[in-house]
Amino acid sequence: METVALHDREDQIHITGETPLKIACNKESLAGAVSQRACVFCGSRVVLYPIADALHLVHGPIGCAVYTWDIRGALSSGPELHRLSFSTDLQEMDVIFGGEKKLQAALTELIDRHAPKAAFVYSTCIVGIIGDDLEAVCRHVEEAKGIPVIPVKSEGFKGNKRAGYKAACDAMARLIGTGNTNGISRFSLNILGDFNLAGEIWMIRDYYESMGVEVVANITGDGRVDDICRAHGAALNVVQCSGSTMLLADMMEEQYGIPSLRVSYFGIEDMSEALYDIARFFQQRYPEDSEADAIMERTRALVQKEVRTLVPQLEKYRRDLAGKKAAIYVGGSFKAFSLVKAFRLVDMQVVLVGSQTGTEEDYQELEAITDPGTVIVDDSNPLELTSFLKEKGVDVFVGGVKERPIAYKLGIGFCDHNHERKEALAGFEGMLNFAREVHSSVMSPVWRFVPRKDSNLKEEAV
Ligand code: SF4
């Protein structure tokens, strides 16, 4: 490997097929490596933020709230309180004398003004240091205002982004189990780990509804507090972004006996498999029930119809894209699995794939589905990614806001598959959008005029 990798990071990089997989992951970022990861607070905020009728108050300096403001294109079909960013704006005197009074005043004023269904109060680094008692303030305001007021223990220094996911799951666990579950169907589920970017959860809900399966709660895209409170009445948890919400699913299994299925909604294969897995689940759970068989029938019809429409439309993109090279660097690795398969559908070759928060099992799965020579990387940084992209001669890089400038500086096409995007990439329709977007990036005439840096670090016109 010619790539620039810090010595202490070499065990977090693996090449498919070179040696048996042994990759270090799920550990603190190496000091000085400028990881692409966000902080614990940001991890919790991205998971909870799409709950649209809740108040989200960041207890800390204004910069933390700005850093996470509007970072997801999470859409709501109703209230949009989540789009407002509130902060207690802690200043020097608050740090010296404590911020509890300021927090209580802010919470009281905001609840009076916006009448939310619940409030989440996020702890930031400085709050962890000065030791404000969030539990006590939240309890006090909860009693006074009669809505759930929940502290999110997300001090930024507490670990990596995964610790933020846990803080978010712990906060939601306090809501679940408090609502009335009367009237929920036996054929029902909760959607976990979809954040309704560009309206994706609406497409997924449509699929479930046409299968005849009731959706009890969106956790958390287009989420509502009342739905989350009764989520323990569902028969099944369907978990997409497993890194962020699997902990909640495990807790619900332990406490309420609700099993979970891990799925992905990206790409034809994984989308179809997700729907079939759910239909099979109900057949196994209710083997004598004709409704379970009817659900399977409706699922079959739905998948056949969607695939029949989609495959011919993909063909024109496949012809141009065949043989082009792709790199993937995303937050959670579940998305990476589907992207590898999606690129295969248009005959593109994935040469680099990595994530911020993958586990060893995730990387094993990635190794199993990637071609020999593919670089697999955990918790990477701009220097490494730049170096791999040049070495591999990549045509399109899929990532998020922090990866975009890396691609553009190298003269490489970029596809946004993260929080900020405005185009739906999930579901059958999303696969077509994805192919169209990759095609327009890779085949854009702009590359005739932009110098691309080659593997020998020289600039050359493409
Ligand atoms: S690391 Fe700390 S100070 Fe920085 S944004 Fe996160 S919580 Fe705020």
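**Notes on the predicted model**

1. Starting with the ligand: the shell around the ligand is made up of five nonpolar residues and three polar ones, with no charged residue. Bear in mind that this is a predicted model. The residues in question are Cys-39, Phe-41, Gly-60, Cys-64, Tyr-67, Thr-124, Cys-125 and Gly-156.

2. On the overall layout, the protein chain is split into domain 1 (7-27 + 310-461), domain 2 (40-173) and domain 3 (188-309). Note that domain 1 comes in two stretches, 7-27 and 310-461.

3. How do domain 1 and domain 2 meet? The contact involves seven residues of domain 1 and six residues of domain 2. On the domain 1 side, the residues touching domain 2 are four polar and three charged, with no nonpolar residue. As for spacing, 34 Å separates the C-alpha centres of domain 1 and domain 2.

4. Four strands make up an open sheet, its order is 7-6-8-9, and the pairing is parallel. At the edges sit strand 7 (214-219) and strand 9 (260-262), each with pairing on one side only.

5. If you want a spot to check by eye, Leu-192 is opposite Val-239 in strand 8.

6. Which strands does helix 11 touch as it packs on the sheet? Helix 11 (residues 268-285) touches strand 6, strand 8 and strand 9. Relative to the direction of strand 9, helix 11 runs at about 155 degrees.

7. One helix pair is worth a look too: helix 8 (residues 200-211) packs with helix 12 (residues 290-321), the angle being about 130 degrees and the axes 8 Å apart.

8. By class, the contact of helix 8 with helix 12 has four nonpolar residues, two polar and one charged.

Methods
Residues are numbered from 1 along each chain as its sequence is written. This is a predicted model: local features need pLDDT of at least 70, side-chain atom pairs count only at pLDDT 80 or more; totals for chains, interfaces and linings use all residues. A residue is near a molecule or strand if its C-beta atom, placed from the backbone, lies within 6 Å of it. Ala, Val, Leu, Ile, Met, Phe, Trp, Tyr, Cys and Pro count as nonpolar, Asp, Glu, Lys and Arg as charged, and the others, Gly among them, as polar. Two strands pair if DSSP finds at least two bridges between them. Helices (H or I, at least four residues) and strands (E, at least two) are DSSP runs, numbered from the N terminus. Two residues are in contact if their C-beta atoms, placed from the backbone, lie within 7 Å. Axes are lines fitted to C-alpha atoms, for helices over the stretch in contact, and angles run from 0 to 180 degrees between N-to-C directions. Domain bounds come from an automatic or database domain assignment.
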